[in-house]
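Visitor: I am new to this one. Could you walk me through it, step by step?

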Amino acid sequence: MDPTLRAQHEHVFGHGARVVLQRWTVLQLAVENFWGGETSPQKAQDMGERLIQTFASEDEVYADEVEDFLDDFLIHEMNAEAEDGSPAEVSRLLVDMHRECLAGDYTRVEQLVQAPVPVGGASQSMADPNQDEDTAERPSDQPQRGEEIEKTEKTKETEETEMVDVEKEEKEEEEQGWH
């Protein structure tokens, strides 16, 4: 392949990959809430650039390797775990989109860029832009809207309980002179 043409394909893929990552709910929640510390936004940006560079430098990138990379990043850098299957979904989307871009087909990237930013969970944000939301098939392990909201409410309750426990431990440590 002509290096100039490949560079163009990789540039378009990079743009599309950034859009996918910006719309990935779990990643954006981790960034917005600084789950990975005060440098969460920079960590996410660096991860995205490393991922794009991996696609550009490898002859073939496999979805399971990308999924492992995304899972590891969330766990080790953002202190988050995606239990919704979204790392697999995002990795498949990126691998397919890369393959299409290298073939000169930018349709998926164009559709992602033009699609309005959806409201809802990761499965909705990564949905195929060609599918209508009502007709899109959801994997059986993907939460439906109500389940997702319920899970979020339970997560908030758990976080609040953990905060109270941490505050109680800090107060006890302070009373014992550990601070």
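Guide: One definition comes first: a contact means heavy atoms within 4.5 Å. Note also that this is a predicted model.

Visitor: Among contacts with a separation of 6 or more, what share comes from residues 24 or more positions apart?
Guide: Take the contacts in the chain with a separation of 6 or more. Then pick out those between residues 24 or more positions apart. Their share is 67%.

Visitor: What part of the chain's 179 residues is buried?
Guide: Buried means under 20% relative accessible area. The chain exposes about 11,500 Å², with carbon and sulfur atoms supplying 48% of that. Of the 179 residues, the buried part is 34%.

Visitor: Which element has the highest mean pLDDT, and which the lowest?
Guide: The chain averages a pLDDT of 79, and 65% of the residues score at least 70. Over residues 121-154 the pLDDT is below 50, yet this stretch has 43 contacts in the model beyond near neighbours in sequence. Among the elements, the highest mean is 98, for H4, and the lowest is 40, for helix H7 (residues 122-125).

Visitor: Why do the buried residues of H2 lie on the same side of the helix?
Guide: Helix H2 spans residues 25-32, and Val26, Leu27, Ala30 and Val31 are buried there. They share a side of H2 because the arc they cover around the axis is only 130°.

Visitor: What covers the buried residues of H2?
Guide: Val26, Leu27, Ala30 and Val31 are the buried residues in question. Their cover includes helix H1 (3-22), helix H3 (40-57), helix H4 (63-78) and helix H5 (86-102).

Visitor: Which residues have the most contacts inside the largest nonpolar core?
Guide: That core has 33 residues. The elements giving it two or more residues are H1, H2, H3, H4, H5 and helix H6 (107-114). Nonpolar side chains tend to be buried together in soluble globular proteins. Those with the most contacts inside the core are Leu27, Leu94 and Met97.

Visitor: What does methionine 97 touch, leaving out residues up to four places away in sequence?
Guide: Methionine 97 is among the residues with the most contacts inside the largest nonpolar core. Setting aside residues up to four places away in sequence, methionine 97 touches Phe13, Gly16, Ala17, Val20, Arg108, Val109 and Leu112.

Visitor: Is valine 66 buried or exposed?
Guide: Valine 66 sits in helix H4. Leaving out residues up to four places away in sequence, valine 66 touches Leu51, Phe55, Val61, Ser91, Leu94 and Val95. At 4% relative accessibility, valine 66 counts as buried.

Visitor: What distance separates the C-alpha atoms of valine 66 and proline 87?
Guide: Along the chain, valine 66 and proline 87 are 21 residues apart. Their C-alpha atoms are separated by 8.2 Å.

Visitor: Which residue forms a salt bridge with lysine 43?
Guide: Side chains of opposite charge can pair when their charged atoms come close. Here the closest N and O atoms are 3.8 Å apart. Lysine 43 lies in helix H3 and its partner in helix H4, so the pair ties together parts 34 residues apart in sequence. The partner is glutamate 77.

Visitor: Where do arginine 6 and glutamate 10 lie?
Guide: Their side chains meet in a salt bridge, 3.2 Å from N to O. Arginine 6 is partly exposed at 24% relative accessible area, whereas glutamate 10 is buried at 11%. The two are four residues apart, about one turn of the helix, and both lie in helix H1.

Visitor: Which residue does arginine 99 form a salt bridge with?
Guide: The closest N and O atoms of the pair are 3.2 Å apart. Both residues lie in helix H5, three residues apart. The partner of arginine 99 is aspartate 96.

Visitor: Where is asparagine 79?
Guide: Phi of asparagine 79 is near 55°, a positive value in a residue other than glycine. Asparagine 79 is exposed, with a relative accessible area of 57%. Its place is in the loop between H4 and H5.

Methods: Residues are numbered from 1 along each chain as its sequence is written. This is a predicted model: local features need pLDDT of at least 70, side-chain atom pairs count only at pLDDT 80 or more; totals for chains, interfaces and linings use all residues. Side-chain values use heavy atoms; hydrogens and water are left out. Buried means under 20% relative accessible area, exposed over 50%, partly exposed in between (1.4 Å probe, protein chains only). Accessible areas come from the Shrake-Rupley method with a 1.4 Å probe; for residues, only the protein chains shown count as cover. The arc is that of the directions from the helix axis to the C-beta atoms. A nonpolar core is a set of buried Ala, Val, Leu, Ile, Met, Phe, Trp, Tyr and Cys residues joined through side-chain atoms within 4.5 Å. A salt bridge is a side-chain nitrogen of Lys or Arg within 4 Å of a carboxyl oxygen of Asp or Glu. pLDDT is the predictor's confidence in each residue, from 0 to 100.
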